[in-house]
Each structure stands twice: as structure tokens, then as C-alpha cells.
Amino acid sequence: MVADQIVFMSTGILLVFLGIASISYSKNLIKTVMSFQVVLLGANLALFSSGLNGSLSTVAGTRLTTDSFVFLSVLVGAAVEAVGLAIVVNVYRKYGTLNPSEIRKLRH
Amino acid sequence: MASELLSITISVAILATVLVALFSKKVSVSLIALFWTSTLLGVVFTMYGNALVGLMQIVTFSGAVSVLFLTVILMTGESKLDIGATRLTIAVVAGALVLVALALTQVSSGLVGLSPSEYTDVSLATFSFLWQFRPWDLLILVTVFASAMVTVANLFSRET
């Protein structure tokens, strides 16, 4: 189980860094929101795997601390992404493009 | 050893789908890859002891958020709405492989995470009883999601 924890923790951290890197160079706002989702999934995976070592107290197989935070994070993350996609649609209606550099030029 | 092999395989699959999602030129392909990433993460949560979080992950991210992304892509016209017959075949084959894997899980027993937890409280016996049908639940769930995935791929393959 500890080996599983290490594997999933490494994968989660890698996902977070990949997502942040993709956010920084993305030329499309939809891809930016997708990258944010990757960061969120990585953080959830890392948080979930941190409770896999069996040292935490459980009720009916559920780890109280980490799993509760992952559950909360999933719901809040979905809401945040919905808001982000709504902003993307509004930006597209106003500027007619989803390229951040073009939007920056059109603002001035 | 089997558990470690399984976790490494799932991690490699997650990384592969994430790389496709982030570095693909077409937004529609990214969306499909992100769908599989979310589903795999839900499978991990379910296999390692928390079915509630896993199902919530699949319902919200693979279901609701994917549909939101699809709506935004269709509204903004960012996709050319054509993933081609090859990718459609790949989506069908991937869904079939998942179904076969779950069917094998149903046949075999003692795999990681697919056995009922130790319940000490008598009031939790209902959950222990329901757990006997858990592989069938997973099979039906993945069948529904694979059907939805093929439908989305079919939608992308048509020019509108």
C-alpha cells in the first residue's frame, strides 16, 4: 500500500506541474480551463493518496480527513470550472476570440 | 505485487491521457482525453476504498463538466467537429477493453479493493449485502459511460 501511495502521490504532483505549465503557455482559454482541471485532478489525487498509508482513523472504510477534503474539493472544483467556462463564453461574445494575446490587444 | 502493478498501470494511463489532453491541437480530442482522465481517477478512488468520492468524481467531472465543455466548444466553434473514423474506432475499442476488464473482475475474486470492507457494526450489514452486487453496478455504470463516450465521438464525427 505504501508503494501505491508513492506512485499516486508522484502522479498527482506531476499532474499539478503539467497543468501549471500548460496554463502558462496556452493560447486558448478553453485549454486554460482544461489545464486548471488537470491541476485540480492532480491535487485531488495527491490528497487522496496521502491517506493511503492506513494510519488515519476510518469509519466503514472511509478515511475521515483526506476523503472528506477530496469530496469537498471535487464539488468546489466543478463549481469553479462552471464559472470559468461561463466567463470564457462571455469573453468570446465580447471579443470574438479565445486567444489571450489577441484579447489583450483588443482591450487597448 | 499485483497491487503495485495495477497502480503503476493506472498512473501511466492517467499521465498518457493528460498529455494528450494538454498537448493536442484539437480541443475536441483534449475533451475526450480529459474525460478518460477523470474516469480513471474515479476508478482509483473507488478501488482504494472510497466509492462515494469516486462516483462523485465520475458524475461531476466525467459527466457534468464534460457536457459543459462540450457546450462551450459547440457555442464558440473552436472545434471543426471532425475527429475522423480512426479516433472513433479507438474510442469504441477503448470502451470495449474497459468492459472486458470489468467482466474479468466480475469473474475473478480477490482483486485489490473489490472485496467488502470489514464491518464490525451490525447496522452496516446492509452495505455488506449491497457490496455483493458492486461489480454489476460498476459494469452497468461503465457501460452507460462508454455509450455516452461513443455518442460524443459520434457527435464530433458529423459535420454540422
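User: Where in chain B is confidence lowest, and where is it highest?
Analyst: Confidence in chain B is lowest in helix 5 of chain B (residues 125-131), at a mean of 58. Helix 2 of chain B is highest, at 89. The score is pLDDT, the predictor's confidence in each residue, from 0 to 100. This is a predicted model, where local features need pLDDT of at least 70, side-chain atom pairs count only at pLDDT 80 or more, and totals for chains, interfaces and linings use all residues. Residues are numbered from 1 along each chain as its sequence is written, and chains are lettered from A and ligands numbered from 1 in the order in which they are written.

User: What is the mean pLDDT of chain B?
Analyst: The mean is 74, and 59% of the residues of chain B reach 70 or more. For the model, ipTM is 0.87 and pTM is 0.71.

User: How many helices and strands does chain B have?
Analyst: Chain B has 6 helices and 0 strands. Helices (H or I, at least four residues) and strands (E, at least two) are DSSP runs, numbered from the N terminus.

User: And chain A?
Analyst: Chain A has 4 helices and 2 strands. Their order from the N terminus is α-α-β-β-α-α.

User: Which residues touch the most other members of the largest nonpolar core?
Analyst: A:Ile30, A:Val38 and B:Val44, in a core of 46 residues. Helix 1 (2-25), helix 2 (29-49) and helix 3 (64-95) of chain A each give two or more residues, as do helix 1 (2-23), helix 2 (27-47) and helix 3 (51-76) of chain B. Helix 2 of chain B gives the most, with 13. A nonpolar core here is a set of buried Ala, Val, Leu, Ile, Met, Phe, Trp, Tyr and Cys residues joined through C-beta atoms within 7 Å.

User: What does A:Val38 touch?
Analyst: Leaving out residues up to four places away in sequence, A:Val38 touches A:Leu15, A:Leu18, A:Gly19, A:Ser22, B:Val18, B:Ala21 and B:Leu22. Contact means C-beta atoms, placed from the backbone, within 7 Å.

User: How many residues of chain B are in contact with chain A?
Analyst: 40 residues of chain B, against 36 of chain A. Helix 3 of chain B gives the most to the chain B side, with 14 residues. That side divides into 26 nonpolar, 12 polar and 2 charged. Ala, Val, Leu, Ile, Met, Phe, Trp, Tyr, Cys and Pro count as nonpolar, Asp, Glu, Lys and Arg as charged, and the others, Gly among them, as polar.

User: Where does helix 3 of chain B bend?
Analyst: At B:Ser66, by about 30 degrees. The bend is the angle between axes fitted to the seven residues ending there and the seven starting there. Just after helix 3 of chain B, B:Gly77 has a positive phi of about 65 degrees.

Conventions: A residue is buried if 20 or more other C-beta atoms lie within 10 Å of its own, exposed if 12 or fewer, and partly exposed in between; C-beta atoms are placed from the backbone. Two residues are in contact if their C-beta atoms, placed from the backbone, lie within 7 Å.
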